[in-house]
Amino acid sequence: VCTHRVRSCSSIRFIKSKYVCVFDKSALKFSHQQRLFRTSAVSCGQIVQFKLSDIGEGITEVTVKEWYIKEGDSVSQFDSICEVQSDKASVTITSRYDGIIRKLHYSIDDIAFVGKPLVDIEIDASKGVAPEEDVVETPPMSHEEHTHQEIKGHKTLATPAVRRLAMENNIKLSEVVGTGKDNRILKEDILNYLAKQTGAILPPSPKAEIVPPLRKTETVPAAPKDKARKIPVPVSRPIAFAGKDRTEPVTGFQKAMVKTMSAALKIPHFGYCDEIDLTQLVQLREELKPLAELRGVKLSFMPFFIKAASLGLLQYPVLNASLDENCQNVTYKASHNIGVAMDTEQGLIVPNVKNVQVCSVFDIAVELNRLQSLGSAGQLGTSDLTGGTFTLSNIGTIGGTYAKPVILPPEVAIGALGKIQVLPRFNGKGEVFKAQIMNVSWSADHRIIDGATMARFSNLWKSYLENPASMLLDLK
Amino acid sequence: MVLQSLKNCLWLSCILRTPKACFWSTASGGLIIQSVSNDVYQNLAVEDWIHDHMDLEKQQVLFLWRNSPAVVIGRHQNPWQECNLRLLRQKNIKLARRRSGGGTVYHDLGNINLTFFTTRKKYERMENLKLVVKALKALRPQLDVHVTDRYDILLDRQYKISGTAAKLGRTSAYHHCTLLCNADKFVLSSVLKSPYKGLKSNATPSVPASVKNLFEEDPSLTSEMLLDAIAKEYAMQHQIDHHITVINPADETLLPGISNKTKELQTWEWVYGKTPKFSVSTCLNIAYKDSVLDVKVNMDVKHGRIEVCNIDLPEQWLPPGLYSELVKSLTGSKFCPNETTTLVTTLLRVCPQDDELHSRWSLLCENMIMLM
């Protein structure tokens, strides 16, 4: 390891120094714009070699680990350029200049040397680094003219910012009518003035007759108002919206969605919706929740919905089937592997509870807990995510009433559950009572399922949930 | 300054801890702060914040922090190469990528972290480590500890008790190091052993070392004693009051912008996406029916995403259409078991419903996922 401290020369060497002798020195003072001789054909700035500065501790070489910019990018002073590493120290190298990156002297994993060029930056011609560089366009107004301008003996008032704006645009303040207090010239006035120009900024000619527009306080009798008074017209400037479109490739979870949904398109969907009175179920769950908690399980409504669906599928097995690719055969699946749509940070996933037909409501709750915690940790396995035969989507936890769910192939039916709302309903005696109402929206594959089947299944499912005690009769 | 009541805490007797109100108005020369949080991301965010926002010209800063179990990799390292990601996920141990260079370390509450903030010009690691050694020796003169030229601190000339890393910016710099007091060596060695084979990369490799806890040497020591001894030495050398200011890394008013920094450190793009380009070249041994298939797999991973994917399957083992769908799906997606699981299970939905096919598919995909 070399411990000899390198005295890094941080002075900048200009490429142009070789070529300046070509020009007559006196010519520098008169010329409008200096174009320096350069090898690059495209631009007009000055190339500066930005050297890798001293890291400290006698370090002479580092490894380039990451570039934050590429050739052609523009950088501002203090922007990060690259990350280098030396002996357990990671160093962020920032730019000393504003300009455009023209050359990267190293690739990733190359060894870079302290004191040697790291990147070449082309500095903006107008922000010349060296005093010798003279970029002079049409001669600007001299300062004096802008500090106190007088129109017919009156001083014009304007803030320094406004004066600068006028100076940058070669506008004589005397030509602008101020609309501010005491005829103060505002920024809007300058912009108005510019808007009225043809577009080109003409260098003011001292000899030209300039007739300033009449000021507000002056009255011109007999002349029509709109000519005499200069009413400040708001200039409709395009609103500077800095947002840009952003295009990204479709990857990951989105890709999975694209595949699934494109396949789902082939299925002719029909919908069937209904409303369920969950008043009794809500009460039942309240009673059972503490019991489940004692067993260490969180009991939501889903286990009931899932078990009721499975009971329904026993009566209407076509809803738990699968149609083959050629629509030649229907396979009636023996297992009720009911999928539960889950919203995770990365996107939508649908794990399923296996063999609901032999599970108790509590078993389903346990399994749901397991799937939910794995899902949020991003650790669901392939077996959890495959083999589903029927799906329920509890979109109501986020919101909504009716929905139009999309069937997940190779399944043939899906149900979307809306949120539970407290709504007034009539009971058998014609009295209004508070009911806990939830909406369900079914979608089914019309190639093998007809409306009547879907309706009957839904009615059965609904009856189990509206009268939970009836589930007891049919539980296996 | 508000003095908290110290009567209950004997071990605080020589230290004054002040609340955040006077965080910025301390005496010149130096500032010692300690984090109340054990969250590795929050604490790393504090380092970033100080590095980006504090003017270290007038005062240097010593930051003391400890984390609940986490593996911390260096800026330019490859987590697949450095640790057992599967074990981390199982045990719920966090993975963080710090902004400084260097190798991989395991943190738990038995490890203390020290960060020395200075201006870029005053960056000097050896001095800092010598300060630590001096503090340790002041506390226990019989401890055989010394600093190596690799910026490690060794106990008894053979066991590493501290590793170092540093970050240099335009105007400021920091040097941080660990100090093993009472860390779980069993977990440490198991998480820092990578099971992933066939990885080739230019990422900074870690240099494994035998480690020992200071408490094994002297069971009378506690983390607090060590923290105090180091704070005391720092205070002495910087000629400041020996008091430690406690800060809360979740305090947005004290540290404006800190929650964004904390969030950024937890993104997949930072933790995994900043891995230098690497390739995976391995052979899956898939036991199928009565035979074992040797399936060669070659993948290039850039920014944590699969750029190129080649799986050498026996012909017709999978229908060609499905095979190309698999490769197409994997290309461009994250080298991540969760994402891959989602993709491959989705593909299963849209292919022929054949049990044999499904079992082959699941077998292959599960083996692929094991590589991640």
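**Briefing on a predicted two-chain model**

Where pLDDT is low, the predicted coordinates should not be read in detail. For the complex, the predictor gives an ipTM of 0.83 and a pTM of 0.74.

Residues are numbered from 1 along each chain as its sequence is written, and chains are lettered from A and ligands numbered from 1 in the order in which they are written. Because the model is predicted, local features need pLDDT of at least 70 and side-chain atom pairs count only at pLDDT 80 or more, while totals for chains, interfaces and linings use all residues; side-chain values use heavy atoms, with hydrogens and water left out.

**Confidence by chain**

- Chain B has a mean pLDDT of 88, with 92% of its residues at 70 or more.
- Chain A has a mean pLDDT of 78, and 73% of its residues reach 70 or more.
- In chain A, pLDDT is below 50 over residues 1-42, which have 43 contacts in the model beyond near neighbours in sequence.
- Residues 198-228 of chain A also have pLDDT below 50, and this stretch has 19 contacts beyond near neighbours in sequence.

**Chain A: domains and A:Q46**

- Chain A is divided into domain 1 (46-123), domain 2 (160-197) and domain 3 (269-473), with bounds that come from an automatic or database domain assignment.
- The C-alpha centres of domain 1 and domain 2 of chain A are 44 Å apart.
- A:Q46 belongs to strand β1 (residues 46-51) of chain A; helices (H or I, at least four residues) and strands (E, at least two) are DSSP runs, numbered from the N terminus.
- A:Q46 counts as buried because its relative accessibility is 5%; buried means under 20% relative accessible area, exposed over 50%, and partly exposed in between (1.4 Å probe, protein chains only).
- Between A:Q46 and A:G99, which are 53 residues apart along the chain, the C-alpha separation is 9.3 Å.

**Chain B: overall build**

- Chain B contains 12 helices and 17 strands.
- Its C-alpha atoms fill a box of roughly 75 × 45 × 40 Å, taken along the principal axes.
- Of the 372 residues of chain B, 57% count as buried.
- Among contacts in chain B with a separation of 6 or more, 72% involve residues 24 or more positions apart.

**Chain B: the three-stranded sheet**

- Strands β8-β9-β10 of chain B form, in that order, an open sheet of 3 strands with antiparallel pairing; two strands pair if DSSP finds at least two bridges between them.
- β8 (145-147) and β10 (159-162) of chain B each have a single partner strand, so one side of each is left without a neighbour in the sheet.
- The twist of this sheet averages 35° from one strand to the next; axes are lines fitted to C-alpha atoms, for helices over the stretch in contact, and angles run from 0 to 180 degrees between N-to-C directions.
- β8(B) is joined to the antiparallel strand β9 (residues 153-155) of chain B by 3 bridges, and B:V145 stands opposite B:L155 in β9(B).
- Helix α4 (residues 125-139) of chain B lies across β8, β9 and β10 of chain B, at about 175° to β8(B).

**Chain B: the four-stranded sheet**

- A second open sheet has 4 strands in the order β13-β15-β16-β17 (chain B), with antiparallel pairing.
- At its edges are β13 (199-201) and β17 of chain B, each of which pairs on one side only.
- The twist averages 15° from one strand to the next.
- β13(B) and the antiparallel strand β15 (residues 278-288) of chain B are joined by 3 bridges, and B:L199 has B:V280 of β15(B) as its bridge partner.
- α12(B) lies across β15, β16 (291-302) and β17 of chain B, running at about 140° to β15(B).

**Chain B: helix α10**

- Helix α10 (residues 320-330) of chain B has B:L322, B:L326, B:V327, B:S329 and B:L330 as its buried residues.
- These residues cover an arc of only 165° around the axis, which puts them on the same side of α10(B); the arc is that of the directions from the helix axis to the C-beta atoms.
- B:P320 and B:K328 are exposed on the other side of α10(B).
- The buried residues of α10(B) pack against α6 (252-264) of chain A, as well as β17 (305-312), α11 (337-349) and α12 (355-370) of chain B.
- After α10(B) comes B:G332, with a positive phi near 95°.

Terms used
Contact means heavy atoms within 4.5 Å. pLDDT is the predictor's confidence in each residue, from 0 to 100.
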